[in-house]
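Colleague: Could you walk me through this model, one feature at a time? I would like to learn how to read it.

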Amino acid sequence: LLPMKEIVIRGTARPIHFGMRAINEFTKNTKGNFETNITTTEAIATMDSVVAVAAVGLNEGARLSKRTERYTVDDVWDFVDEDPNLILQIADIFKESIDALTDKLGDLDPNV
């Protein structure tokens, strides 16, 4: 499991996680391409996509942390309206997570 990250929203540290499940969910929600989402920055190329991936990452972080809150895209937009810097923080966390994920995928033996 990739390490859990946290992001401070409205003064509260909230878990955010971008693992395989989160990327798959984001890909399904956006009718995108999984490989493109993990090998390029396309998943965070627009504000809409950063907000959409953030909602998935926050929900996955909450799920893995056994927390009950769930977030919608509208919730994330509200957070970003209050603190526009969140867009940059989310994009950085996503990129770090994807880099770690692709490093782990590169270590997989294709003959297994």
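This is a predicted model: local features need pLDDT of at least 70, side-chain atom pairs count only at pLDDT 80 or more; totals for chains, interfaces and linings use all residues.

Colleague: Where is the place of Ser97, and is Ser97 buried or exposed?

Modeller: Buried means under 20% relative accessible area, exposed over 50%, and partly exposed in between (1.4 Å probe, protein chains only). Ser97 sits in helix α5 and counts as buried because its relative accessibility is 8%. From C-alpha to C-alpha, Ser97 is 7.8 Å from His17 in space, though the two are 80 residues apart in sequence.

Colleague: How many helices and strands are in the protein chain?

Modeller: Helices (H or I, at least four residues) and strands (E, at least two) are DSSP runs, numbered from the N terminus. The protein chain has 5 helices and 2 strands, and its elements run β-β-α-α-α-α-α from the N terminus on. Of its 112 residues, 39% are buried.

Colleague: Which residues of helix α4 are buried?

Modeller: First the general idea: an α-helix has 3.6 residues a turn, so residues three or four places apart point the same way. In α4 (residues 73-82), the buried residues include Val76, Phe79 and Val80. They cover an arc of only 95° around the axis, which puts them on the same side of α4; that arc is taken from the directions from the helix axis to the C-beta atoms. Asp74, Asp81 and Glu82 are exposed on the other side of α4. At the N-terminal end, Thr72 caps α4, with a side-chain oxygen 3.3 Å from the backbone nitrogen of Asp74.

Colleague: Which residues have the most contacts inside the largest nonpolar core?

Modeller: In soluble globular proteins, nonpolar side chains tend to be buried together. A nonpolar core is a set of buried Ala, Val, Leu, Ile, Met, Phe, Trp, Tyr and Cys residues joined through side-chain atoms within 4.5 Å. Here the largest one has 26 residues, and Ile7, Phe18, Leu58, Val76, Leu86 and Ile90 have the most contacts inside it. The elements giving two or more residues to this core are β1 (5-9), α1 (20-30), α3 (47-64), α4 and α5 (86-106). With 8 residues, α3 gives the most. As for Val76, its relative accessible area is 1%, so Val76 is buried. Val76 and Val51 lie 6.1 Å apart in space, C-alpha to C-alpha, and 25 residues apart in sequence.

Colleague: At what angle do the axes of α3 and α4 cross?

Modeller: Axes are lines fitted to C-alpha atoms, for helices over the stretch in contact, and angles run from 0 to 180 degrees between N-to-C directions. The axes of α3 and α4 come within 9 Å and cross at roughly 110°. That makes α3 roughly perpendicular to α4, a term used for angles of 65 to 115 degrees.

Methods: Residues are numbered from 1 along each chain as its sequence is written. Side-chain values use heavy atoms; hydrogens and water are left out. A polar contact is a pair of N or O atoms within 3.5 Å; within protein, one must be able to donate a hydrogen and the other to accept it, and residues adjacent in sequence count only if both atoms are side-chain atoms. Angles under 35 degrees count as roughly parallel, over 145 as roughly antiparallel, 65 to 115 as roughly perpendicular and the rest as oblique.
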